[in-house]
Amino acid sequence: MELKQLLYFLEAAKHKNFTKASEVLHISQPALSKMIKSLEDELDMTLMVRSNKTSEITDAGFIVMQYAQKILLQIDEMTTILNDLTELQRGTIRVGIPPIIGSLYFPSVMAEFHKQYPNITINITEYGGAKVVKSVEEGEIELGVAVLPVDEEMFNIYPIVEDGMKLLLHHQHPLADRDLIHLKELKDEEFIFYHEDFALHDIMWNNFIREGFQPKILFKTSQWDLMSEMVGADLGVTILPESICNRVENKHVNIIDIEPFTPWNLAVITKKDKYLSFAAKRLIEFFL
């Protein structure tokens, strides 16, 4: 069995389409089919059931997928360790960042890091905060930016931002002239809210529950600029971190303090007891 067989099989399984997979792999479709057929012959099991438009993964195929992913992750970690010997002359860092905050702090950090280490590739994946934590835990990404708190026994935590939440209202809203609003005063409002896979969703939802009500959700999104624009169009209210509020330029939006105060603290996290490349360690230093 060859690593290339596993790699090709994973790509075909991912797309469930030999044509798409062969295009991604830059090989011919017959060559891809031959490679997977040779893997099936070696295992004496059918891994994929082919049809004209799509291919379905068999039970055996799912098992091979799981082990192939683990094997390739270990190969990737071995390569990362060996790349350290070249003193950052080459290498790849896998980073997870929630999209709602990706544009706030990190373009300048990434630009400066790339300037100093042009041969290091940074693969950035946008995930909701909860998925960032899970992806670091499972080893899919080396480091992630997460909303605190996270499990301190499982992760190394490097705090980078301390912030708080603010309320965004249309400027003609009855409460728009207030300096401070309590969450319980918002029980009848319609909210522009966050998707469930974002840490902010659970943070604010639990705050509302503690105040005795469930928020009425009009719309869910992961884009803070869309949230603020919808408030500006008088479609509802929303709650966002102060650092994001500072970027809102819509003249129809008023930004107001809320109580009880809700912290929004960010940190770079890595999994404890897992090898961290020197390149990743240097990137963390750029964040701090």
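In which hand does H1 pass H2, left or right? H1 passes H2 in a right-handed crossing, where right-handed means that the near helix is turned clockwise from the far one by less than a right angle, and left-handed means anticlockwise.

First, some ground rules. This is a predicted model, in which local features need pLDDT of at least 70 and side-chain atom pairs count only at pLDDT 80 or more, while totals for chains, interfaces and linings use all residues. Residues are numbered from 1 along each chain as its sequence is written, and side-chain values use heavy atoms, with hydrogens and water left out.

Now zoom out. The protein has 10 helices and 12 strands, which are DSSP runs numbered from the N terminus (H or I with at least four residues for helices, E with at least two for strands). Its C-alpha atoms fill a box of roughly 70 × 45 × 35 Å along the principal axes. Of the 288 residues, 47% are buried (under 20% relative accessible area; exposed is over 50% and partly exposed lies in between, with a 1.4 Å probe and protein chains only). Now take the contacts (heavy atoms within 4.5 Å). Among those with a separation of 6 or more, 74% come from residues 24 or more positions apart.

Back to the helices. Two packed helices are described by the angle between their axes and the distance between the axes. Here, axes are lines fitted to C-alpha atoms, for helices over the stretch in contact, and angles run from 0 to 180 degrees between N-to-C directions. The axes of H1 (residues 3-15) and H2 (residues 18-25) come within 8 Å and cross at roughly 130°. That makes H1 oblique to H2 (under 35 degrees is roughly parallel, over 145 roughly antiparallel, 65 to 115 roughly perpendicular, and the rest oblique). On the H1 side, the contact is made by Tyr8, Glu11, Ala12 and His15, and on the H2 side by Lys20, Ala21, Val24 and Leu25.

H1 also packs with H4 (residues 59-83), at an angle of about 120° and with the axes 10 Å apart. H1 is therefore oblique to H4, and this crossing is left-handed. Residues of H1 in the contact include Leu6, Phe9 and Leu10, and among those they meet in H4 are Val64, Ala68 and Ile75.

What about the interior? A nonpolar core is a set of buried Ala, Val, Leu, Ile, Met, Phe, Trp, Tyr and Cys residues joined through side-chain atoms within 4.5 Å. The largest one has 58 residues, and Ile101, Tyr194 and Ile239 have the most contacts inside it. Helix H5 (residues 99-116) gives the largest share of this core, 7 residues. A second, separate core of 20 residues includes Leu32, Leu47, Ile57 and Val64. Ile239, meanwhile, touches residues including Met165, Phe191, Tyr194 and Ile258, not counting residues up to four places away in sequence.

Two more stops. Thr270 sits in strand E12 (residues 263-271) and is buried, with a relative accessible area of 3%. Beyond its neighbours within four places in sequence, Thr270 is in contact with residues including Val136, Phe155, Tyr158 and Ile284. Lys184 is in the loop between strand E7 (180-182) and strand E8 (190-194). Leaving aside neighbours within four places in sequence, Lys184 is in contact with Glu211 and Phe213. From Lys184 to Leu32, the C-alpha to C-alpha distance is 60 Å, and they are 152 residues apart in sequence.
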